[in-house]
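Biologist: Could you take me through this structure? I would like to discuss its fold and its aromatic residues.

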Amino acid sequence: MSKHLELVSELASQQQRQINDLKEIVKHCKPYRDSKLLWRINNFWEKFDDGKRKPGLELHSPPFYTGQYGYKFKVVVFPYGNGSGEGTHLSLYIRLLPGEYDALLKWPFEGEITLTVLDQSPDSRSKRNINQSFSPDPSWKSFQRPSKNSSALGFGYPQFLSHRGIESYNYVKDNCLFVKAVIDGKYAIDL
């Protein structure tokens, strides 16, 4: 019976690994292949409170690509902040991830990146979207070809939006926050 239990336990572990691999594949099937991401963060205030209790709590967007055979990115948000923004600001970063076609892409990555937190005010004239744009310097490590074991934070802003600003305007509505990332230009392999 002990041997049987051991075999069943190993089978369950193997199946969990396969499920995790399939979940990762399904993420890539979503239409995040046009250099843009619009990410809805549900239950924002609960995650904000979790960040108070667990310093360094980070939220990860679904990955997205600059094109079908392009660079792979994701956005990372620290609701309660990190670094110089911890406890005072929402921190926002973009992270370059290892992708399937990295061997064929030009390195380091070059292109303009814009990160935005969207104002959800009903009146479009009074919207105050907060955005920051930058073009990576070729010497920045965050935009060199990433390795499979890379866990770099990426590049971004520890003081992207103050907590006071989040509470004062319509950045969180119905307990949801929207973050947008746009990578200008088509950075993919020409076939």
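Modeller: The discussion below goes from the overall fold to the aromatic pairs and then to the core.

Modeller: This is a predicted model, in which local features need pLDDT of at least 70 and side-chain atom pairs count only at pLDDT 80 or more, while totals for chains, interfaces and linings use all residues. Residues are numbered from 1 along each chain as its sequence is written, and side-chain values use heavy atoms, with hydrogens and water left out.

Biologist: How many helices and strands does the chain have?

Modeller: The chain has three helices and 10 strands. Helices (H or I, at least four residues) and strands (E, at least two) are DSSP runs, numbered from the N terminus. Along the sequence, their pattern is α-β-α-β-β-β-β-β-β-β-α-β-β.

Biologist: And what share of the residues is buried?

Modeller: Of the 191 residues in the chain, 40% are buried. Buried means under 20% relative accessible area, exposed means over 50%, and partly exposed lies in between (1.4 Å probe, protein chains only).

Biologist: Turning to the aromatics, how many pairs are there?

Modeller: The structure holds 21 aromatic pairs. One of them joins Phe73 and Phe109, edge-to-face, with 5.1 Å centre to centre and 75 degrees between the planes. Rings of Phe, Tyr and Trp (its six-membered ring) pair if their centres lie within 6.5 Å; planes under 30 degrees apart count as stacked, over 60 as edge-to-face and the rest as tilted.

Biologist: Which parts of the chain does that pair tie together?

Modeller: Phe73 lies in strand 4 (residues 72–78) and Phe109 in the loop between strand 5 (89–97) and strand 6 (113–117), so the pair links parts that are 36 residues apart in sequence. Phe73 is buried at 0% relative accessibility, and Phe109 is buried with a relative accessible area of 0%.

Biologist: Why is the pair of Trp140 and Phe143 called tilted?

Modeller: The planes of Trp140 and Phe143 stand at 40 degrees, with ring centres 6.3 Å apart, so the pair is tilted. Trp140 is partly exposed at 29%, whereas Phe143 is buried at 0%. One aromatic cluster includes Phe73, Phe109, Trp140 and Phe143.

Biologist: Now the core: which residues touch the most other members?

Modeller: In the largest nonpolar core, which has 32 residues, they are Phe73, Val75, Leu90 and Ile94. Such a core is a set of buried Ala, Val, Leu, Ile, Met, Phe, Trp, Tyr and Cys residues joined through side-chain atoms within 4.5 Å.
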